[in-house]
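Student: I would like to go through this structure and ask where the terms come from. Please set each value against its definition.

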Amino acid sequence: MSSRSADLLIARAVRRGGPWLAVLTATALTGAAADLLVPAALGRALDAVVRTSPDLPETVAVAALLAGLVVVCDALGVLAAGVSGARAAQWLRTRVVTHTLSAGTGMTRHLAPGEIVTRAGVNVEEAGRTPEAVVTAATLVIPSAGSVVALVLIDPWLAVTLVAGLLLIVAVLRAFMRKTTAASGGYQEAQGQIAGMLVGALAGARTISAAGTEDREAARVLAPLPRLRAQGLALWRLQARAGVQAAVVVPLLEIAVLAVGGLRLSAGGLTVGELLAAARYVVLGAGLGSALGYAARIARARSAAQRLEQLFAVPPPAYGSRPLPPGPGTLELRDVTVRADGVRLLSGISFVVPGGTCTAVVGRSGSGKSSLAAVAGRLADPERGVVLLDGVPLREIGREPLRRAVGYAFERPALFGRTLGEAVGFGLPADTAHAEDRVRAAAVAACADPFVRRLPLGYATPVEEAPMSGGEIQRIGLARAFAQAGRVLILDDAMSSLDTVTERQVGRALTGSLADRTRLVVAHRVTTAAQADQVVWLEDGRVRAIGTHERLWADPGYRAVFQAQEAS
C-alpha cells in the first residue's frame, strides 16, 4: 500500500478532530507565540533592572503574563489533544468496522480475524494520536522560525549560527522518520500475526486442552515473538541514535550561539538583556530537536495507516438498484465458476431451482457444496458466470430486497441479539408486521420452540445464559433463516447436528409450511436428499449429475458419497 494513500487517510483522520482540533491548533499557536515573546520580555526586564528604569514594574508584569499564558495554553492543549485524538480514533474505528462487515467473507479470505481485530484496535489507536503529533510538531516550527527572525533583529551573526544548527537537526529528523516508518510497519505486522494465531487457538481451546498440547500451541502462537522483539529493538535503536545526535547538536548549537553573542557583547554590539534574549531564543530554536518524539508518533501512525488502507483495499460487494419483480423465487446458475487464492472451487456450474421446489446439493468433502451455497445467495460473487433470482442477476438487485428475499442457515450459526427471541428475529426490519408471531412460527418450524419455552424466561432468555447444545444452537440458526427468507431458503449443512427425529420434523416443515419458498439444501444424509424434488451431485467442483434421488441412487458412485459421509 502506497504511503500517499496512508498520508491521505491520516489527513482525513486529523480533520475529524472536530472543534477540539481548532482548540488544539489555537492553543499551540498561541503558546508558541507567547514562547517567542517571553525571551524579549525577560531581556527588557533585565535591562530595566540594570538601568533602574522607571518602567520596571510594567516590564516584569508583561513577562509574568506571558509566562502564565504559556502555562494556560499547555493545559488546554493537553485536553484538546486527548479529545481530538479520541474523535479521530472513533472515526477511524467506525470506518474500519463498517467496511470490514460490509466486505464480509471477502475480508476474511484476505486476513485472519485476529489480524483484522489488531488493525481495528491497536493500529486505529496509533493513527488516532495523529492530531496531537501533527499539530504539535508543526507548531514547533514557529518558535524555530521566529527565533531565527528575532536573532536577525538582534544580530544577524547569531541568526546564521542558529540556522546552520537547525539544518543539521532537520536532516536527523528526516532520516529518523523514514527509517522509523519502515520499522514500525514490521513491528505492527508481527503483532497482527500473533493476534491472528491466538484467535485461532482460542477457537480450538477445547481441542488443545483435550489433546494436552498447550505448550506446543503456545510456542506456535508466539513464533513471531523474536521478530517482534527484533523490530522493537530496531525502533529503540533508531530513537536512541537520533536522540544522541540531537543531544550532541543542540548543546553545541547553544554554545556556538552564546560564544558568538559573547564576542558581540564584548565588542559592544549587544546589551546584557539582548544576550539573555538571544540565549532564550537559541533554546526555543533548538527545540525543534524535541520534535523527535512527535516524529516517532507520526511514523508509527503512518505505518498503522498503511495497514488500515490494506483493509479498505478489499472492496465490499456492490449492489444494484433493481427491485425484485414478483415471482416464485426461481433460482438459476449459468456457467458459474468460483476461484479462491488461485484454487478453482467451482467450474461451469449451470442448473435451475424452480420456484417453490427443494434442491439438495450432495458431494464428497471438498466438492464445492459450500461455495455453491455462498454464490447462490450472493455471500460471494463468482469469478465467471451469473446467478439469477426470478430472472434478475443478483448483482443488479439492491441489498435490502436481496437480503429480505434470501435466508441462510449454517452448520455453526453465530447468534446475535440480546435474547433468544432477538436471535431468531435478527435481520428482520424493525417495522416487520407481526414480528413476534413470525419469530414463533419460525421457531416452531425449526423445532426450537419446545426447548425455548421450557426456559424460565422463554424467548426473553439472554443468549449467553441459555444452556444450549450444539443441536439446539443449530435450531435457533434454522429458525432465524426461516423467519428471514422471503423467497429463497439456503441451508448450508445446517442440520448436521440434529438428531434423526428432529431432522425428520424439520424436513416435514421444509416440505410443508415452508414449501412456498425455494429451498437449496446442502445435504449429507440420505433422508434429506430423498425429500428433495431434485438433487445436484457435485464432484471436484463440477456437476456430475442432476436428477431425483431415486434415479441417482442406482449409481454406485452416488451411494458411495453417503457411505463416505456416514463413515466420517
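Tutor: This is a predicted model. We can start with helix α14, residues 369-376.

Student: What makes α14 largely enclosed by the rest of the structure?

Tutor: Seven of its eight residues are buried, so helix α14 is largely enclosed by the rest of the structure. The buried ones are Lys369, Ser371, Leu372, Ala373, Ala374, Val375 and Ala376. After α14 comes Arg378, with a positive phi near 65°.

Student: Why is Leu394 called buried?

Tutor: Buried means under 20% relative accessible area. Leu394 has 3%, so the word buried applies. Leu394 sits in the loop between β5 (392-393) and α15 (399-405).

Student: Which residues does Leu394 touch, leaving out those up to four places away in sequence?

Tutor: Leu394 touches Val375, Ala376, Gly377, Arg378, Val387, Leu389 and Leu402. A contact needs heavy atoms within 4.5 Å, so each of these residues meets that cut-off with Leu394. Val375 and Ala376 are also among the buried residues of α14.

Student: How far is Leu394 from Phe451 in sequence and in space?

Tutor: They are 57 residues apart in sequence, and their C-alpha atoms are 37 Å apart.

Student: What makes strand β3 largely enclosed?

Tutor: Five of the five residues of β3, residues 358-362, are buried, so the strand is largely enclosed by the rest of the structure. Cys358, Ala360 and Val362 point one way, while Thr359 and Val361 point the other way. In a regular strand the side chains alternate between the two faces of the sheet.

Student: How do you know that β3 pairs with β8 and with β9?

Tutor: Two strands pair if there are at least two bridges between them. β3 and β8 (residues 518-522) have four bridges, so they pair, and the sense is parallel. Cys358 has Arg519 as its bridge partner in β8. Four bridges also join β3 to β9 (residues 534-539), so these two pair as well, again in parallel. There, Ala360 stands opposite Val535.

Student: Which sheet contains these strands, and what makes β6 and β10 its edge strands?

Tutor: The sheet is open, has six strands in the order β6-β7-β8-β3-β9-β10, and its pairing is mixed. β6 (406-410) and β10 (542-547) are the edge strands: each pairs on one side only. Neighbouring strands of this sheet are turned by 15° against each other on average, direction ignored.

Student: How many bridges join β7 and β8?

Tutor: Five bridges join β7 (residues 488-492) to β8, so the two strands pair, in the parallel sense. In this pair, Val488 stands opposite Thr518 of β8.

Key. Residues are numbered from 1 along each chain as its sequence is written. This is a predicted model: local features need pLDDT of at least 70, side-chain atom pairs count only at pLDDT 80 or more; totals for chains, interfaces and linings use all residues. Side-chain values use heavy atoms; hydrogens and water are left out. Buried means under 20% relative accessible area, exposed over 50%, partly exposed in between (1.4 Å probe, protein chains only). Axes are lines fitted to C-alpha atoms, for helices over the stretch in contact, and angles run from 0 to 180 degrees between N-to-C directions.
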